[in-house]
Amino acid sequence: MCFPTRKLPSLIVSGLSAVVVILGLILLIMAIIFQTGESVLTADMGDLSDFAALFRNGIFAVVLIFSLLALAVGAFGVGFQCKPCRKSPCGFAVCYGISIGLIWIVFIIVGSIVTAVSTVSSENIGKMCDGDASVGDGAAAYFSDIDGLLNNQTANNMCSTICPCDSAAAAPWMALDEATLNYWNRTKSPTTTAAQRAKDITSLDVSGSVVNYLDCFAAVDEEINDLTGVKIIRFFEGKYSCSGVCTTGLFFMSLDLSKGVPDETCLAHIQTEIKGSMQYIGITVLLSGVFMFFVWVFQYCLWKKFDSDPYEDI
């Protein structure tokens with residue numbers, strides 16, 4: 001016999017179930033925030049928008065189901081404390097135990113997988129930037145190519161004869177040291193030397209009125225703003241004022257010069273988007289499964305009919 005009376009296991013099951021109810025409510029709130037909150041999945045991502053919406057709606061439906069399951073399991077568990085349930089035959093406890101036996105396993109498996117995947121994904125992004133071969137040279141090279149393409153494009157064309165900048169807005173770049181500018185094949189000197197020209201170093205042109213790189217190019221090619229990659233960049237730059245994945249560029253692609261010289265990469269914010277979307281949901285599902293497991297263990301003590309239990313007469 002687990003306990004001499006029904007009171008203690010009943011209180012334990014009800015207390016643990018109350019925690020499951022709270023976790024179920026948290027999951028429900030997370031599902032709503034996931035569906036309606038601002039994130040990379042709700043941003044305009046061009047050709048990827050339909051896929052992102054499908055993915056977001058699917059995850060919302062799954063999390064909603066898990067939250068309702070947790071609320072149901074918790075509510076029935078708390079029900080062991082109500083007087084009619086305490087005085088009923090053990091059939092209620094048996095049916096409840098059989099049902100929860102499968103549910104807690106599913107919660108723990110799904111919660112563990114989601115937590116692990118979201119954590120590993122964010123950590124791997126950092127490793128890719130560090131050149132860690134364990135996450136694949138191809139992925140690291142891909143991020144490097146993205147940074148090289150985008151950063152070099154803005155560095156070469158912004159504040160050039162193609163997109164001459166407003167002198168007042170470009171003051172922070174004119175204040176940079178030559179070594180930094182030369183790294184990006186630029187110089188603040190109005191004329192270049194033969195050695196600089198041999199390295200394709202060009203002068204910063206601040207004789208115009210351009211203050212935004214994308215606006216400059218959109219005047220020539222309006223379709224540039226419809227490109228999927230540009231929309232993703234616009235989202236991260238606009239939300240986090242960051243530039244590049246692993247390396248900051250000399251200029252922002254979508255933000256005005258008034259934002260200053262980029263000094264932060266988007267890496268940490270990409271990690272935030274991944275963790276914010278899935279990791280906390282996974283942890284909550286996992287915790288729900290753990291508490292359901294303990295409910296499942298202790299409710300077995302309620303399967304028997306106690307011959308004499310003062311608690312039943314309360």
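Reader: What share of the accessible surface of the protein chain belongs to carbon and sulfur atoms?
Author: This is a predicted model, in which local features need pLDDT of at least 70 and side-chain atom pairs count only at pLDDT 80 or more, while totals for chains, interfaces and linings use all residues. Residues are numbered from 1 along each chain as its sequence is written, and side-chain values use heavy atoms, with hydrogens and water left out. Areas come from the Shrake-Rupley method with a 1.4 Å probe, and for residues only the protein chains shown count as cover. The accessible surface of the protein chain comes to about 15900 Å², and the share of carbon and sulfur atoms is 66%.

Reader: What percentage of the residues in the protein chain is buried?
Author: Buried stands for under 20% relative accessible area, exposed for over 50%, and partly exposed for values in between (1.4 Å probe, protein chains only). Of the 314 residues in the protein chain, the buried ones make up 40%.

Reader: Which residues touch the most other members of the largest nonpolar core?
Author: A nonpolar core is a set of buried Ala, Val, Leu, Ile, Met, Phe, Trp, Tyr and Cys residues joined through side-chain atoms within 4.5 Å. The largest has 33 residues, and those touching the most other members are Phe107, Phe236 and Met292.

Reader: Which elements give two or more residues to the largest core, of which Phe107, Phe236 and Met292 are members?
Author: The core with Phe107, Phe236 and Met292 is the largest. Two or more of its residues come from each of α1, α2, α4, α10 (228-240) and α11 (267-299).

Reader: What distance does α10 reach from its first C-alpha to its last?
Author: The expected span is 1.5 Å times one less than the number of residues. For the 13 residues of α10, 18 Å is expected, and the distance reached is close to this, at 18 Å.

Reader: Which residue just after α10 takes a positive phi?
Author: The buried residues of α10 include Phe235, Phe236 and Tyr240. Contact is counted for heavy atoms within 4.5 Å, and Phe236 touches Cys242, His269 and Glu273, among others. The positive phi just after α10, about 55°, belongs to Ser241.

Reader: Why does Val21 count as partly exposed?
Author: Val21 lies in helix α1 (residues 7-36), and leaving aside neighbours within four places in sequence, Val21 is in contact with Leu71, Gly74 and Ala75. Val21 and Ala75 are 54 residues apart in sequence, yet 6.5 Å apart in space, C-alpha to C-alpha. Val21 counts as partly exposed because its relative accessibility is 21%.

Reader: Is Thr191 buried or exposed?
Author: Thr191 is found in the loop between β1 (186-187) and α8 (194-198). Leaving aside neighbours within four places in sequence, Thr191 is in contact with Gln196 and Ser203. At 56% relative accessibility, Thr191 counts as exposed.

Note on methods:
Helix = DSSP H or I, 4+ residues; strand = E, 2+ residues; numbered from the N terminus.
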